[in-house]
Structures are given as structure tokens and as C-alpha cells.
Amino acid sequence: KYDIPDLEELENGPWPSFVADAKQAALHRSKLPADRMLIDPNGVEDMLGQLQVSFDEGETHWKHGGIVGVFGYGGGVIGRYSDLPERFPSIAHFHTVRLNQPASKFYNTDFLKSLCDLWDYRGSGMLNLHGSTGDIILLGTTTEQLEPIFFEVTHVMDQDIGGSGSNLRTPSCCIGKARCEWALYDTQEMCYEMTNYYQDELHRPAFPYKFKFKFDGCPNGCVASIARSDMSFIGTWRDDIRIDQAAVQAYINGEYAPNAGAHAGKDWGKFDIKKEVLDLCPTKCMWMEGGELKIDNAECTRCMHCIAVMPRALRPGTDTGVTILCGAKAPILDGAQMSTLIVPFMKAEPPYDNIKEFIEKVWELWMEEGRNRERLGEMIQRITLPKFIETIGLPATPQMVKAPRSNPYIFWKEEDVPGGWDRDINEYRARHKR
Amino acid sequence: KYDIPDLEELENGPWPSFVADAKQAALHRSKLPADRMLIDPNGVEDMLGQLQVSFDEGETHWKHGGIVGVFGYGGGVIGRYSDLPERFPSIAHFHTVRLNQPASKFYNTDFLKSLCDLWDYRGSGMLNLHGSTGDIILLGTTTEQLEPIFFEVTHVMDQDIGGSGSNLRTPSCCIGKARCEWALYDTQEMCYEMTNYYQDELHRPAFPYKFKFKFDGCPNGCVASIARSDMSFIGTWRDDIRIDQAAVQAYINGEYAPNAGAHAGKDWGKFDIKKEVLDLCPTKCMWMEGGELKIDNAECTRCMHCIAVMPRALRPGTDTGVTILCGAKAPILDGAQMSTLIVPFMKAEPPYDNIKEFIEKVWELWMEEGRNRERLGEMIQRITLPKFIETIGLPATPQMVKAPRSNPYIFWKEEDVPGGWDRDINEYRARHKR
Amino acid sequence: KVQENRLTDLGPRHYWEYFPPVIKENYGKWAYHEVLEPGVLVHVSETGDKVFTVRCGAARFMTVQHVREICAVADKHCDGYVRFTTRNNIEFLVDSLEKVEALKADLNSRKFVSGSFKFPIGGTGAGVTNIVHTQGYIHCHTPATDASSMVKSVADELFDYFTGMTLPAKVRVSMACCLNMCGAVHCSDIALLGYHRKPPIIDHEVISKVCEIPLAITACPVGAISPDKTADGKKTVKVKGERCMFCGNCYTMCQALPLSDKEGDGVTILAGGKISNRISEPKFSKVVVPWLPNEFPRFPQVVENVKKIIEAYAGNANKYERLGDWAERIGWEKFFEKTGLEFTEHLIDDYRLAYDTWRTSTQFKY
Amino acid sequence: KVQENRLTDLGPRHYWEYFPPVIKENYGKWAYHEVLEPGVLVHVSETGDKVFTVRCGAARFMTVQHVREICAVADKHCDGYVRFTTRNNIEFLVDSLEKVEALKADLNSRKFVSGSFKFPIGGTGAGVTNIVHTQGYIHCHTPATDASSMVKSVADELFDYFTGMTLPAKVRVSMACCLNMCGAVHCSDIALLGYHRKPPIIDHEVISKVCEIPLAITACPVGAISPDKTADGKKTVKVKGERCMFCGNCYTMCQALPLSDKEGDGVTILAGGKISNRISEPKFSKVVVPWLPNEFPRFPQVVENVKKIIEAYAGNANKYERLGDWAERIGWEKFFEKTGLEFTEHLIDDYRLAYDTWRTSTQFKY
Ligand code: SRM
Ligand code: SRM
Ligand code: SRM
Ligand code: SRM
Ligand code: SF4
Ligand code: SF4
Ligand code: SF4
Ligand code: SF4
Ligand code: SF4
Ligand code: SF4
Ligand code: SF4
Ligand code: SF4
């Protein structure tokens, strides 16, 4: 419909082309019977057209914000309007709906097909699988369609929309026990439980700002929780790495491929357990003795390297739980943060009462102390880590820091100091002449 | 004279006892003929007496400050008054005089004896060899003695007093070429030259705050310049480490003691060049090949470790100069700072015009931009390192940082950006409807 | 009336419903895995069961058409099951090696008319996987660049690293179109970031109507915004350009302060971050290219700089060594030498924790 | 009249005058050195000349009496030359091994009446050398503890480490009596630091006369001081105690704000700093004991904690490994375990660059 040379250029090259996909959809939509669509069939073309204009002008053509949503909820829909509505009328309204994905994003085609039907009918036919937080992002619909979409999602698809605004955001987890030998707790189960248990927090804004949970089954961090969740749950263990000495030998002999074959594309030479495992162990707590691999588990920091290199020989311990870290976020305002370790180890078993108690204490403090639009991590920086742990009732442990403070600026409290702070200048001057 | 039980306790133990020394001096002074002393002979006793009172009360008994000095100078004397002048009258005035030590603190006894005579006569007979900055600290005299002391110091001892106040402070250097095989420039010569060339800056306050030079002959940092000087000059080289392969073998064979015998007090086992040198090299740029030690000098960061372990086999290169770092200081106000690398390499040869030019540019900026009582390091933090180097005219190099910034908050300047910053909202709104 | 029949707080569907039988039966029982070839994994259970995964790249922007095609593949080969990874790849799971071959053949045969793959197989092991990214010009109001087009351009160029496992370790490339950094790309081996360089223009006419001026003022983390009055006495703000660091937070709070500008906007490249705790701790990416222009649609300079980084890394790093660990081992000064990127004053930190990044030692390489 | 005959700007004496002949002749020609035994060094020149150095401990607070005795030794053995090190040790230099023996015998024989050595030999190599320190109650107005007595107490206890070379590497112990940290002890293996814990008392009566109140207010780095009026209307200040971090900068600027207090003042211990660039970069010491009382004159708790640190280090560190490098290698959590020191919330940084010290990884030891 429009002249989109730059976009057509993007049809080339081996990587799946979103333009080629959009064009096939545009064609398809133009053929769909009108009763299969409740919104303007030209959405895809208009989207492409406006994108080309943006390329030409080097500027976005979406307007700032727009508060739309579904009744009784404070999030899940992002309002969006074109600032070229005359030129591209079918995307004049172009709101997104965030659908809460099932934990770790397994689907059956029944589900996906009802989604497709819904989005052909009431939306632009364009979507993201998935958004950065984890939601299914349905891109582009009109304000009138929002309530019907919500109705269908809840009544037909039997599920709910996701989060946006100053809410709990849609939690997300790694694939964990579903297909990973390293999951140290049940990430899906816990993600599901927390999502459902905290539906109210997810849908009705009561927080100072957004709040994200992410659940990583082990320190590999496949859902990147340490970089992008206000509260990161990462599986860990506190007993010993399990060793199968026969399998160790099989690696040494070259029977098993190191790192499960992940480096097979290049010839890195024969596997060398010393160079590839012992020497790279960050704590150097491994050694060979009498043909056996030994680990000083008290020194191990559970980095997963040796296990990743020799998955058939080494397995994490069996006394497992989570490390809880708080405060990751993107750069605005004070610079990006990674999550800070708050709880070194906690058991993570249904119904997770211990963890819920922790979560609620943190929220309570944040809702009381947090300023408007202040993320948890920013608040911890502002009120300081010692104050944060004190208020939520945790004792200080050296695990919380990389190193103790180097400045001596300790904020003592009055009750720490015998005799208190009130002193009499006259008594002082009795001892010390001016 | 006073009951000083706590101090007498300090006469015990093997380490030289300052109390025992003070007591012998008190005894000696009490016997000195009056014409050998111009100030009250009881100074030492009173000092000990007041010290005991301080122990009892857990508080110092020196009053705050007191501006005294010698005519025409803005420093070199620290005024001090007791707040118990009735109890300890002979230390009622107890000013210190800072004498500029000769570079690297070699003396002959003539010099020391004239010092002793002077200080018996016009001072308390107590002193520090040396103060933390490096001066000879003459502890305790009266205001009236200051000018005569200055006269004698200049006329008899043929030298000057040191720095205090918002001045250049007494510069200081390591022993360097006088008795160290590693001195990579002449620390004494440069220290002497800079002290004399900048006498005006040293004596007459014109700076926002104190300013310290220290001169370390090599990265070992024996005068700790990187921790305690606003401008640290540290010797370095840019060619190759010199290797004597025969001597390397002598170390390997155990003929030479590793680290020049510095670890001889404990049996650390046979010298192991791999474990003790190659593996500890921070850049791992050393290896053995055909019985010879090899170094990839381009990767070497000149940490001095290998050289320290095998001083008879390895010597620094011969194309030498200084690395200049700026801004070290104690914690007040923003926390302690170490010096930041500003000039990776500069030749350091008399008359040091290149270095003087650098110094003066830094001072010019600091005198213009520095706030009252703002150390150079604090100013650099405030105005930022990029701005600092830009103003003194240095290009940015990666050597100045451990790592590039992780936040994307770059302060672009208007001239960096085509089209400038002035834009017309109406033009913008022509493209983008509100 | 809206309230009628209303169902709320249902949460997501339960994951168990969507697990293929082999996953259900071996849930929590996996013993080990192997990467059989790029894009193909096998996981072996303690029960002896195996599940084979074929991972395919995908543009995460997709259409219902494409999803229907995914369903077709899943129906044909995988009993109707499919999953998506945390980096937007598609995973087809089957329970035998024979099925893998049929599946692969089918996937490889599916292409868009223009010839690009619909389901390129790869993204496992020591290579480049899918580039996570954000909305860009497709859906957002604050971008400083476009996302989908840049990602497509870079992914085309890195395609062989996606289908191969030839790198020293995983290289995660991520993209965000403004400093809000949806996706938190700050811990990526390579991060591409849309970036403004002009302070906001002030829409004096409407600002007092559409924004809470005090909120706009306090939104600025560096205090560049202050209250002002227009000639005709309307309340507005003024912006000290030389203080502004172009973060865009004011625009987030107030639509009358747009930042976008064709000449001002562009891309910054960060490198050396990571998320895993493997060997080294997670770390932030560092800015290594301060700015490149928005050259739509193919961003040749961005692509070129990414290639320079990856190739220097591929040629020099040790096995298992992530990009940032490599840069730290050789020293950042050598990183710039080996990649050929230019070091400029913009790369020296001057923000809040800047001092911690300055070099306070004599240890450096020339 | 003062101006009469005035000589100014002479600078220090030239060092060359004070070099013994062997130093003059071999200036810049030294080839290598050896530590012959604790406290005894030989430096060998390219010319073949040798200089032997005997290093002795000293209380840097000394009297003219003691200096005369130093001169006596120097005159007797060293042709009247002597030097002082950057850590306040005394070095006697001779040019032959025989002279060394005579010198040593003489030095060892000299003791104070109470029995302590006047010239203990040691302080070289892998041991503890002289403790640098500041004035304390002997000359300063701001100390939170005394210097000379604490140093004497610790040095007595560490004496065998001074006369031996039994440690994994050098251990530098330093002491400063207030946060002004004259001596910059912030990069020491072990730093002892005098420390206040009560906010300033305000001398309302005189403050407006003796201080510039605005300067006192701005002196406070955390804004704890604000203007106030006394009941009778005099200008004064008030201090928010809960904001104060006891830095004493206000007292430096204004004598009407003293901080000292018997119960408030005490000692904090820092550990793990270093200055040299050897192997690792220079680093800051870290606070490991937040506070100990001032127990004059022997500071038993300070001494005990220092010993705990040194002994754990001596028993566990690798050869050449400085204390801070050891702590980093084993992890600070293990440092506390091995030294038996208690970890408290006071040790968690909450100042300006605090975030950089928090743990942002799952790598830790239990
Ligand atoms: C859709 C999505 C990007 C995407 O293409 O995937 C997105 C889109 C927006 N994000 Fe985001 N964020 C999205 C995930 C993230 C993430 C990643 C994550 O959740 O793991 C982050 C970084 C982590 C974090 O939370 O810090 C993120 C950090 C931000 C920020 C910066 C917040 C901060 O504290 O620094 C903003 C600014 C704001 O909140 O005003 C923001 C704001 C926005 C807004 C609402 C724009 C705005 O300024 O109001 C964007 C709407 C775009 C649109 O029109 O659709 N978005 N945003 C992601 C949500 C999809 C989903 O639900 O699955
Ligand atoms: C005498 C000496 C301590 C000693 O016992 O050796 C000393 C003594 C004082 N210093 Fe110092 N400083 C001494 C070396 C240092 C050093 C070490 C150095 O120079 O290498 C430092 C740390 C390095 C630095 O410069 O940061 C040092 C950092 C301070 C500070 C904190 C400055 C800062 O920016 O953080 C102050 C406070 C001030 O300037 O107001 C200070 C202030 C003082 C004052 C003047 C007290 C005051 O608050 O006004 C002390 C006078 C004590 C007295 O009565 O004699 N002194 N001062 C040292 C000078 C002797 C000499 O000339 O050789
Ligand atoms: C499928 C997925 C989880 C999911 O819930 O979707 C996943 C799956 C596996 N990851 Fe992962 N990781 C997945 C995202 C991640 C992420 C997150 C990210 O990139 O955003 C990380 C952190 C990356 C980082 O550090 O920046 C991640 C860091 C790892 C590591 C640590 C690698 C390292 O060298 O630091 C391992 C261990 C390994 O590779 O041996 C690992 C290992 C694995 C294993 C081998 C686990 C297992 O035993 O099954 C899985 C197959 C690996 C492979 O692809 O070769 N996974 N993995 C994600 C696939 C993303 C994709 O489509 O490419
Ligand atoms: C005499 C003195 C210089 C002076 O101008 O006075 C000096 C002299 C030597 N130093 Fe030093 N250093 C001297 C203070 C320092 C300092 C400064 C300090 O402690 O305040 C340092 C930095 C300490 C730190 O890092 O915290 C210092 C760090 C070194 C190093 C690095 C040691 C390390 O393991 O990090 C070496 C190399 C070595 O020991 O092998 C070294 C080596 C040497 C050598 C071997 C140099 C040589 O070839 O002659 C000298 C004899 C060493 C010995 O004592 O065993 N010197 N040396 C200082 C003696 C102080 C004392 O009385 O004990
Ligand atoms: S985070 Fe750990 S448990 Fe989860 S998928 Fe990755 S490797 Fe497996
Ligand atoms: S998990 Fe990491 S730290 Fe632990 S033994 Fe293995 S490599 Fe070492
Ligand atoms: S700093 Fe270097 S040159 Fe100077 S004395 Fe120490 S080791 Fe020798
Ligand atoms: S000086 Fe240091 S970095 Fe250079 S080769 Fe020797 S040990 Fe390695
Ligand atoms: S990164 Fe910025 S521009 Fe891109 S989607 Fe997020 S908020 Fe919008
Ligand atoms: S873009 Fe950021 S720095 Fe610039 S004025 Fe707006 S809020 Fe302030
Ligand atoms: S450290 Fe403090 S108390 Fe000690 S001398 Fe220096 S200023 Fe005075
Ligand atoms: S001691 Fe320091 S923090 Fe406390 S009031 Fe004084 S200046 Fe402020």
C-alpha cells in the first residue's frame, strides 16, 4: 500500500524477516472476510507505512502515553496513539495488551490458536512472543476492543492479563525442572504460586513503582533475574557437589564431550581437566588426587562452571533452596543496578510461607518508605543496606557484601554509645578551658 | 614530678619506649645549666603529666589551633596550647616547628647535633623523626622562640622550615638511586628541585587547600605516594625487562635466595619458579621455553613482582620515566582517595620542564576551580575526570581508567551534535501532532 | 454492566497443561543433557527417557499468520506442543532422534518469499543466540532508534555464529531503544542502546496544561530543569542544556518535553556484561562506542562495530571465557587495541560512582 | 626589624651532603640487594662496592637525648652518617661485613633503664616493620585516642614479627588518631584509627564569637548542622545527632564544637589495604572491627584483635600474598571466620560509593 523501500530491504538476509512476515499477514488480512475482523484490516500496512516514515524522519510517530485499561485493573494495557492518524488511520489507536504467559512458556497449539483467533478478530494480528518481562504482547487494538478482549481472555481462554504500572509485574521463570537437570527448586511452581497469590498486587497499583519477580533455577541465571528483577530468586544448594568419578574419567578420556558439546564448532584440542576445570574454578577448591576429582565444598561458591563442563560427572547438591537478591533495575535514574544479595539461603517449598513472609516485609517497608517512582533498589541505596536489613529484621552477614566498607563513616546510634549523646558543655569546659 | 602509672607501664616491653626516653630526657634537662635552655625545663614532665591526665579522662588536653608563625610565611608552624595551663605551665605554649628534611632523610651527625643543640636551647627537647609528611617535627616551643628558631635554622643550619596550611607541603621521596637498584628516575634530585623551585608555593598560602608531592622511584611505592599525595610521581619504564638467564638458573637451582632472602624466616620449601613467579604474574605474560625465561613485555604491567623475587636475574628496562597520578587524600570529606592515573608516561629529567608545565596547569585549574578546602582529588571528582583532562589539555586514554563507564549517561556538548540544541517546537509539532 | 459476569484475578494458565508427556513424566528427573549439534539438544532423564529439543530463531515481532505456522509445525511433529525461550527463540520438543530429523528438514524448508528463514536452527552453546530487544518505532513513544530493523541487520551479519558454536563462550547480544532499557540490557556481552543527544524541546504552549510542572522538574536526576515563564506569562520550564545527560526521564513524566531528533538520536554500544555466575560474577556492560548514527534500515556502522568486537573476541579469548572476562584479563586498553575501536573521553565515567572506575595504580599496558 | 638579615626560601639542605661516600660513589649504580638476616641488608653495586644497612626500630617520638645517642652510634660505626626510613626506622650504613657485626653488637647492647631496646634490629622483608602513626594526645587537639601508647603496645606484641621474617609478605601496620588520618593509613594491611562516636557538643556561649557559623554549617558533609538561636537569642547551631557520622570536620572548622568523650571515643580497626603495585593494585583497607574502647595505656582489646588478624593471616596465606589479597582470595566471609572477628551491620558500607561494595552475585561461601 505504501512505498517502503527501507523495509523491503529488511526482507533480505537469512534471519527471519519481520517485514516479510508482516507483508504476508497484510496479504492474508486483506483476504479475510469482514466477520473475522472487528478492526480495520489495514493495520499492518499502516504500521509498515508509519515505520518507513519514522526511518525517513529519524523519529518515532507514536504519541506519549494515553491512559486506557480494563475496568477494575490498574495495568495490563499500554495505551498508544499515532501522531499521524490522518495518514495511517487504522493505527490511530494502537494499544497493546499484555497477557500473562504460562510459566516457562510452554504452549499447546490449542491455546495458541485461540490466541490467533482472538487477535485476528479483535486486534491487529501482530504480536510479540514475548515481551521483555515475559508477557505475550498483543500489539495494536482500539479502546473499544479492550473490554471484549478481556472478557474473552478470562472467559474463553480462562486466564488473565499481565502487569503494567506501579504494580507487581508479570513474574517469569526459567525452564527449570521441566527440562533442566540443574533446577535447584521448582521455578514454575513458585512462579505460578506467587503470580496467583499476589494477583491483587499485580492488577491494582498500590506500590510506589513497578516491582518484578524473576525465578532462576540455578546460578546460571537463564531468566536473567539478577539483572532485571526487584526480587530475584536463584536456586542454590548448601551441601556437597555430587561426583561420579567414573564419569570424570570418561571426560578425561574424551568419551564425553566437555560442556555437553557446547563448544563443538571449533577445535579446542583435547579436553584438559586441569586447564578447563581446576584452573578456572574461581575459588581453586578442586584438585585431582589418586585419579579422583576432589572438591573442598566449604570453599566452593557454587558458580556452576565445573558442573557445566562435566554435567554427566558433577551434579549440584541435594539440600537445595534459593538465594534471594533485591533491587535490580534499568539505568533511570541513578544508573543500572544488579540485585544485591539479601538472603543467602532459604528453603523454597510450597506453600512458601517463609518466602511470602520475606516478600511482604520488603513490600511493607517499600510502601512506607519508598518515594513515588522509586524502585526498591533505589530505595535501598537511599536508606542504605544496613537500615534495610535492620528494618526487615535480618542480621548482617558478610555474604551480603563483596567486602566490608573502606570508609570509617559509621553511623552509630545513640543507644550504641554508653552515656548517650547529651552532654553538658559546662562539664566539658570544666575539664577543658576554652 | 607527676604520678604517671599508666605511662610507666609503657616502659615495659621490648619495643623502644617513648616514656623511658622522655624520662631520661626529663632527668637530663633538669640537670642542664640554665643557659643551655631558653624555655621552661619542665616541659617533658608536664607533657607526661598531661598525657596521664588525658588517659584518665579519655580526652586530649590540647586546645584547638592557634595561629602562630614566622614573619612572611604562611606555614611551617602549628600553634598549640594546653587547656590545663595552670597545672602544666611549661607546656602552656607547645607549638611545633616543621623542618624540611633533606631528600630521603640521610643525615650526618653534625646536622643532627646542631638540631639537638637548637632544640635543647629553644625548645622542649622533644621531637619526631619524622612527621607523616616527612618533616622533622620539633615538638613544643613558645611563641617568642619562633622567630629566633627561624633565624637559626636559616642562618646557622642553612635551611628552611617545611609546609603547613593551604600551601604546597614538604615534598618527600623514597631512597631511590641512593641505595636502591630499582629507582627508575632520580627521586632525590626531583624532590629537591621541586621543593626549591616551588618555595613560594610552599611558604605562602595561595591554594584552596594543602597540596602534596611525593616521589616514588618505582611501583613498589616505598614513600606511599599513591595513597598520600595530591600529585604522585612513580617511576616506570616502557621498554623490556632485562633478563640474565644464568641468574634465572641460579634461582631455580637454589643458589640465590628468592626475593633477596626476605622470606628466610620461615621454611617455604624449595623455590618453584612456576608457582612463585609465572603463576603470580598478574598478566601471566611469562613462561619458560627451552630452559629460558620469556616475557611478553607488551603485556607486562610492570608490577615488579618477578623483579622482586629474582632481583639478580631481572631488572627493569632502561627507557624510564614517571607515571603521574593525582588526587590522593585522607577520608575527610567524601572518603579517602588514592591517586588517579593522569599521565601514563613522561620522561623525568632535569630541569623537568615538561613536568613543571604539567604541575602548573593543574595548579592553575585548581586555583581557579577549586573551592575553599577542596583537595585536588575532590575537585576532580566534582568536575569529573573527563573535564579535568580536557581543561589541562590531555587526550583521553584507556590507561586512565580500570574500565570504561557502565552507565550511558554521557554529557554530550552542543558542538558535538550536528544541528545544535536549539530546535523549534513548531517544526517538531509539524511532524508530530500533539 | 461491565461488571456483569466479570472474572478477575485468574492469573496465568497452569503450566502443567502445556507440558508434552515426556516433560510431565520426567519433571525434575533430568540427569544430564547434550548439545548434539547447533540448535539441537537432548536431555536424558534418570528414567532413561530422552527429550530432544530443536531450537529455532525467531523475530519476536510476529503475526498471527506466523504463529499459525508454528502451530502447524508443532501439530505435525510435536503432538501440538511448543515453547519459547527467555530469549524469544522457539523450541520444538520431540521424544526420539528420528523425529528430530524430520522436524529439522521441515523447519529448514520453510522460508519467507524473500528467502529469509522462518525457523533457522541454532542458538545453543558457545555462539550467539537470539538478540533480545524492545519496541522501537513499532510501538513506543520514547525510542531513540528502531529496534526490529537494527536487530534484523545485526542478526543477519552474525548468522553464522547463531548456527555455529565456534565462539569461546556464549555471546549475548541485546538491544534497547532508549535508556529506559526495557530488557535490562546492561549486563549483556554486547548491548546496543538507542540514545538521544539533544535536550528536550519545550512545548511551552501546552506544558502547563498537560503536565504537572513540579513533577517534570523533580524528574530530572541532574537538576537541569527549572521553572520559567513564557513571554506571555504562562508557566513553563527551562532546561540547562549543558547539564542534561539526555536520559529522557523528563519526557517520561511530561509529554511536552520530547527529545527525539534525527541528528541527535543514535546508538551507543556497550560490551562485556554478563548475567551468569559462572566462573566470574555477573557484571555490567561498559560503553565502548559512545555514539553511532541511526542509519536506517541496516545500520552499517553498528553492524561493523559489533563485528569488530566479536571477531577480536573470537580470535583472542580463551575457551569458556566470556567477553567481559576476556577484556578484563587483557586489560581494557588492549580491548580497544584489539577491536580497533577508538577510546574517547566519553567513555570515562563521570556519573555517580565514577571514582571507582578510575585507575588508581601504575599497572597498565602501553 | 624581623626583616633584618632575613633569609627565606632556602629549601632543605641538599641531600648529597649527607650521603656516606659509598652511597655517593655508587649513586644510581646499584645492581641488586639481599636481606642477610632480619634487619640487615646488603646492596651490591655494579662497581663491586657493597653497602650494608642495619635497620633499627624507633619510637618516632624521641628526645634530643636519644638523637644524641643515635649520633654516637653513627659516629662510632658509620663515619657520622645515618638515615631514617619512610616508616621512621633508623638505618645505619657501613661498607663492610665486619663493621656490621660490631655495629649490631653495639645496637643490641643499648637499652633503656626499664629494659626496652633502644635500637631493636629488624623491620625488613616479610615481617612487620615500624608502625607509622600520628600525634595523639601528645600534640593534637582532635584525637579520639592516643597514638604513641597504642603503637608501643601493639609493637611490643608484634615484636617477633619485627625481628623475624616469618610472614607470607610484608604487613604494614599504621595508626592515626582521628579521621583526618594524618599518614593516610587507609591503604595499610592493618590500620588502627581513633574514632569519635558522639556528635559535637555545642558551646553556645562562644560559638558566634569564635567561629564563622556558615562555615561550620557547610563543613558538615552530611548536612547534620543547621543554624539555630539560643534561648537568649544568640546565634548558634544545632546538630542532628542521628545524621552525624562523627567525622569531626565541624570541629576542625570551629572550636566551639568539640567531639571528644571518654565513653564515645575509641578505636576502629581496618585491614587488607596496600600501597605497592606488586601483583595486585593498591587497595583500601576495610573496616573489620567497628569499635573498641580506649583502654589506656595498653589497649588489650586492640592488641588482641590485631594478633587475631595477623595470626590467621600467617597461618593461612600463601607466600607473597598480602593480607588483603588473602582476604579477597578466600572471601571476606572466610576472613571473619578464620580471624574470629565478628561481622556486624556497621561493616556494611552505607556511604557514598556503597553500592559498589554490595554483593550482586550468588557466589558466596557459607
Ligand atoms: C513492552 C516492553 C518492551 C518490549 O518490547 O518487550 C516495555 C515497554 C515499555 N516500557 Fe519497559 N517494557 C518492557 C520490559 C521492561 C524491562 C525488562 C523486564 O521487565 O525484565 C525493563 C528493565 C528492568 C526494570 O524493570 O528496570 C523495563 C524498564 C522500563 C523503564 C525503566 C524503569 C527504571 O526503573 O529504570 C521504563 C520507564 C518507566 O517506567 O517510566 C519503562 C517503560 C516502558 C514503557 C511503558 C514506556 C514509557 O516510558 O512509559 C514502554 C511501553 C512501550 C510500548 O509502547 O509498548 N520500562 N521495561 C516490556 C514489557 C513486556 C512484557 O510485559 O513482557
Ligand atoms: C604532624 C602530622 C602528624 C604526625 O604526627 O606526623 C599532622 C598533624 C596534623 N594534621 Fe595532618 N599531619 C600530618 C600529615 C598528614 C598526612 C600524611 C602525609 O602528608 O603524607 C595526611 C594524609 C594525607 C592527606 O594530605 O590527605 C594528613 C591529613 C590531614 C587532614 C585531612 C585532610 C583531608 O583532606 O582529608 C587534616 C585536616 C585539615 O587539614 O584540616 C589534617 C590536619 C592536621 C592538624 C593540623 C590538625 C588540624 O585539624 O588542624 C594536625 C596538627 C597536629 C599537631 O598538633 O601537630 N591532616 N596529615 C603530619 C605532618 C608532619 C609533617 O609535616 O611531616
Ligand atoms: C532455554 C533457556 C532457558 C529458558 O527458560 O528459556 C536456557 C537453557 C539452557 N541454559 Fe541457559 N538458557 C537460556 C538463557 C540463558 C541466559 C539468559 C539470557 O541470555 O538472557 C543466560 C545468562 C547469560 C549471561 O550470562 O549473560 C544463560 C546462561 C547459561 C549458562 C552460563 C553460560 C556462561 O558461560 O556464563 C549455562 C551453562 C552452559 O552454557 O554450560 C547455561 C545452560 C543452559 C542449559 C544447558 C541448561 C540445561 O542443562 O538444560 C540449557 C541449554 C543451553 C544452550 O542453549 O546451549 N545457561 N542461559 C534460555 C535459552 C535462551 C535462548 O533462546 O538462547
Ligand atoms: C627503606 C625504604 C625506603 C625509604 O626510602 O625509606 C624501603 C626500602 C626497600 N623496599 Fe620498600 N621500603 C620502604 C618502605 C616501603 C613502603 C611504604 C610503607 O610501608 O609505608 C612500601 C609500600 C607498602 C605497601 O604496599 O603497603 C614498600 C613496598 C616495597 C615492596 C612491595 C612489597 C609487597 O609485597 O607488596 C618491595 C618489594 C619487596 O619487598 O620485595 C620493596 C622493596 C624494598 C627494597 C628491597 C628496595 C631495594 O632494592 O633496596 C628495600 C629494602 C626492603 C626491605 O626493607 O626489606 N618495598 N616499601 C622504606 C623502609 C620502611 C621501613 O622502615 O620499614
Ligand atoms: S537457570 Fe539453571 S535451572 Fe534454570 S534453565 Fe538455566 S541452567 Fe537450568
Ligand atoms: S561450582 Fe564453581 S566454585 Fe564450585 S567447585 Fe565447581 S568450579 Fe569451583
Ligand atoms: S619505591 Fe622503588 S625505587 Fe624507591 S626505594 Fe622503593 S623499591 Fe626502591
Ligand atoms: S613485572 Fe609483573 S606483570 Fe611484568 S612480567 Fe613481572 S610479574 Fe609479570
Ligand atoms: S527501551 Fe525505551 S523506547 Fe524501547 S520500548 Fe522501552 S521505553 Fe520504549
Ligand atoms: S533528558 Fe534527563 S537530564 Fe535531560 S533534562 Fe530531561 S530529565 Fe534532565
Ligand atoms: S590524625 Fe587527627 S588527631 Fe591525629 S595528628 Fe592528625 S589531625 Fe591530629
Ligand atoms: S562530626 Fe562530621 S558529620 Fe557530625 S556534625 Fe560534625 S561535620 Fe557533621
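This is a predicted model: local features need pLDDT of at least 70, side-chain atom pairs count only at pLDDT 80 or more; totals for chains, interfaces and linings use all residues.
How do the residues of the shell around ligand 7 divide into nonpolar, polar and charged?

**Stop 1: ligand 7.** Show the residues around ligand 7. On chain B they include B:Cys174, B:Ile175, B:Gly176 and B:Cys180. Also around ligand 7 are B:Trp182, B:Ala183, B:Asp216, B:Gly217, B:Cys218, B:Asn220, B:Gly221 and B:Cys222. The shell divides into 7 nonpolar, 4 polar and 1 charged.

From chain D, an N or O atom in the side chain of D:Ser276 is 2.5 Å from an oxygen atom of the ligand. From chain B, B:Glu181 places a polar side-chain atom 2.8 Å from an oxygen atom of ligand 4, and for a polar side-chain atom of B:Asn259 the distance to a ligand oxygen is 2.9 Å.

**Stop 2: ligand 6.** Move to chain A and select ligand 6. The residues around ligand 6 include the cysteines A:Cys281, A:Cys285, A:Cys300, A:Cys303 and A:Cys306. Select also A:Ile241, A:Pro282, A:Thr283, A:Met286, A:Thr301, A:Arg302 and A:Met304, which belong to the residues surrounding ligand 6. This shell divides into 9 nonpolar, 2 polar and 1 charged.

**Stop 3: two helices of chain A.** Select residues 376-383 for helix H13 and residues 385-392 for helix H14 of chain A. Their axes come within 6 Å and cross at roughly 105 degrees, so H13(A) and H14(A) are roughly perpendicular to each other. H13(A) contributes A:Leu376, A:Met379, A:Ile380 and A:Ile383 to the contact, and H14(A) contributes A:Leu385, A:Lys387 and A:Phe388. The contact residues comprise 6 nonpolar, no polar and 1 charged.

**Stop 4: chain A against chain B.** Show both chains. In this interface, 20 residues of chain A are in contact with 20 residues of chain B. The two chains bury about 1,600 Å² between them, with 49% of it on carbon and sulfur atoms. Finish by selecting A:Tyr409, A:Arg431 and A:Lys433: they supply 34% of the area that chain A buries against chain B, more than any other three residues.

Technical notes. Residues are numbered from 1 along each chain as its sequence is written. Chains are lettered from A and ligands numbered from 1 in the order in which they are written. Side-chain values use heavy atoms; hydrogens and water are left out. Axes are lines fitted to C-alpha atoms, for helices over the stretch in contact, and angles run from 0 to 180 degrees between N-to-C directions. Helices (H or I, at least four residues) and strands (E, at least two) are DSSP runs, numbered from the N terminus. Angles under 35 degrees count as roughly parallel, over 145 as roughly antiparallel, 65 to 115 as roughly perpendicular and the rest as oblique. Contact means heavy atoms within 4.5 Å. Ala, Val, Leu, Ile, Met, Phe, Trp, Tyr, Cys and Pro count as nonpolar, Asp, Glu, Lys and Arg as charged, and the others, Gly among them, as polar. A polar contact is a pair of N or O atoms within 3.5 Å; within protein, one must be able to donate a hydrogen and the other to accept it, and residues adjacent in sequence count only if both atoms are side-chain atoms. Buried area is the accessible area (1.4 Å probe) that two parts lose on being put together, summed over both. A residue is near a molecule or strand if one of its heavy atoms lies within 4 Å of it.
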